[in-house]
Amino acid sequence: MGKVRYKQKFLRDSEKSRVVGILLHGDASFSGQGVVHETMELSNLDGYSVGGMVHIVINNQIGFTTDPRTGRSSIHPTNVAKAVGAPVFHVNGDDVMGVVRACRLAGEFRQTFKRDAVVNIVCYRKHGHNELDDPRITHPLTYDLISKQPSTLEKYLEDLKRKNLVTDQQVEAQKQEYLSICEAETHEALEYQPSARELLNTSWQIDAVMENLNLLRPFNQTGVERSILQKVGRAVSTLPEDFAPHAKVKEVHENRRKAIESGNGIDFGFAEALAFGTLMLPYTGGDTVDGKRGNEEGLVRRPLEKNSFLAPMVDHPTVHVRLSGQDVERGTFNQRHSCVIDQKTASRYIPLNNISYTGEEQGEFDVQNSSLSEEAVLGFEYGYSLENDNALVVWEAQFGDFANNAQAMIDNFIASGEDKWLCQSGLVLLLPHGYEGQGPEHSSARVERYLALVNDDPDTILQAMSVDEDNLREMFTRLDTDKDGTLTFSELTAIVGSERMEHMVELQGLRSVEGKIDLRDYVKAMTQWLARNEEAKYNMSVCNVTTPANYFHVLRRQIHRPYAKPLAVMSPKYLLHHSAAVSEIKYFEVGRAFDRVISDYSPNNNLWESFKSLKPVKKQMVRKVLICSGKIFYTLHHARRAKRTRDIVIVRGEQIAPFPRGEYLRVLGDYPNAQIVWVQEEPKNMGAWSYMEPRLRNSLQVLMRSQDRKYGDKVLYAGRAPSATTATGSFVVHQEEARKILEDAFE
């Protein structure tokens, strides 16, 4: 359904008559699988309707070995369609022309009334469930009858002959012609090797898996000029003069207006709106704004020591943004207010669809409160996301805990679709996560499940780092034909090619500094390039961001990196309204990017001034490094301030998977005398501990090759004890557990 919806949008099929979806079902699954009912309940909702689907049920009156008497309570498997008033056309599968007429009726009904229609083809399964299955074991009498039945083809030919419509000679000739085609195609199939292009089912995905993957989807910065940020910020914080919003909503918009004008206090809800809005505006890369970008000068480059480089933005069109899920218009936690309701007239106003009030082009923001369904709605959005990589498609769970109702969709399609079918998707899952004492059904998005789905091998940390650097040094020596210890850009371009060279942004960052590149700079720049492109081989990303600016960048990264991957965000709840969880506008600007890891000393540490006021000890004297992810960072930071602790550093893992090995090696390498402690809110058998521990340990082993480490490769744990449930139902117990975590972390 999602694919059909986007095709209708792309083709401007407002009447929903040019694109029609057809779904094939089995009888047992149609009546037994809840996702069928959930999907049909979307059929007449404005945000999900496709003008009706045609459902064809192959009713072979058995489900593997289960017959209808024990497989459903209704007479027909199609009775579920009665819930949405869809007509059901029952037809005998042996009546070929009857099946044709029933399908035509269903199609005509759908085209006329733009509603779902169902065809129930009542037939039988000739053989077992598969080649090795003998159906007589469970249904001996039934299969005695089936074995005596003439085939559908035989019955159809008998009818045609009785009506003098065909002769035996014509039938035999057509049979032989068909068999000849099958034989020829079978022979060709044995020799044929399909290309990736033929396996893909949408045009943009062809480019995504071609050899020059990083050239065909422009790699853009995620930072945006202040002037554009202010334009979007003012638009989304302004309501029409004659509009009467709720007092609390009015206050939210007034605070956002103050934040965009002052450049301070941008919260998560506002950062999200800025991310969406800036994507929805077109951009011409040749323009220069505030002297900060252009094709020839003003290349923005982060310091070489940080091993991270950026290049000018390139042209990109407007981006369509779709946000869907339960209560997403307001936001479960009263944080978004993307659709504002007039308190006098109940009229609706969507600020993000009114950014370009001067009439210039902008993308469409489509925000839809969904039905109380996870699996069907998430499946819809997954299909929608497959149709165009220039659309940011976001699904938000009401609470991250509830996404378990869509686990089949996550496991079978989102996490594995690219590996199984080369179907790339940039779908974003927002999964509210955090322990605030709300109990076992409102605390955990089950991050461990998503981490278990990522094809990220912890042992590559031990193997790849030295190998990468050795290969880069060897390549540098080969390229350095004059043996002067440097490379010129002309030498690199001659080998790499001008088109590829333009997209190797790390080397472009060096161009603005000096005309030649030495071995040290080359290795650092190319290591970063490898790291950036390395994530293309992983199937998805899992993040738990702690600052509004980083949330802004990770959303924009979904569009502005050279490949599409699903993103699961353990999105905040408490932090949405926490006074410390805000960002300054400078962290959204050109030159800033998504930080996979944030330490106390990181340039993008939003609590730098607070940390600095502790007068921390020198890095060599740091006693502990607390590594965590998400909301617990603020708990740890506030506890550290209260204790006036100066010899403990806190590191935030903003991207949990794929594991950002380079960032952790740089950060942990600064503290050779510190104990490394992983801190989490979740029980030990849940959360990110099982994923992080081997990767942190292997990172420490890599560091031990070049430095002495007081505590070796040991990683300690601070968090809740193993548990069968995600969280306690007692708030008193919750508080005691939280106190114990801090005690273990700071002891």
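Start with helix α14: it gives three residues to the lining of the second largest cavity, the largest share. Helices are DSSP runs of H or I, at least four residues, and strands are E runs of at least two, both numbered from the N terminus.

This is a predicted model: local features need pLDDT of at least 70, side-chain atom pairs count only at pLDDT 80 or more, and totals for chains, interfaces and linings use all residues. Residues are numbered from 1 along each chain as its sequence is written, and side-chain values use heavy atoms, without hydrogens and water.

Buried means under 20% relative accessible area with a 1.4 Å probe, protein chains only.

Next, select Phe365. Beyond its neighbours within four places in sequence, its contacts (heavy atoms within 4.5 Å) include Phe276, Met280, Val321 and Leu323.

Move to strand β19, residues 675–683. It gives four residues to the lining of the largest cavity, the most of any element. Select His433, Asn544, Ser629, Gly630 and Glu682: of the 19 lining residues, these lie nearest the cavity's centre.

Zoom out to finish. The protein chain has 747 residues, and 54% count as buried. It holds 29 helices and 20 strands.

How values were computed
Buried < 20%, exposed > 50% of the residue type's maximum accessible area, 1.4 Å probe, protein only. 1 Å grid on protein atoms, 1.4 Å probe; cavity = no way out; pocket = protein on both sides within 12 Å on 5 of 7 lines; lining within 4 Å.
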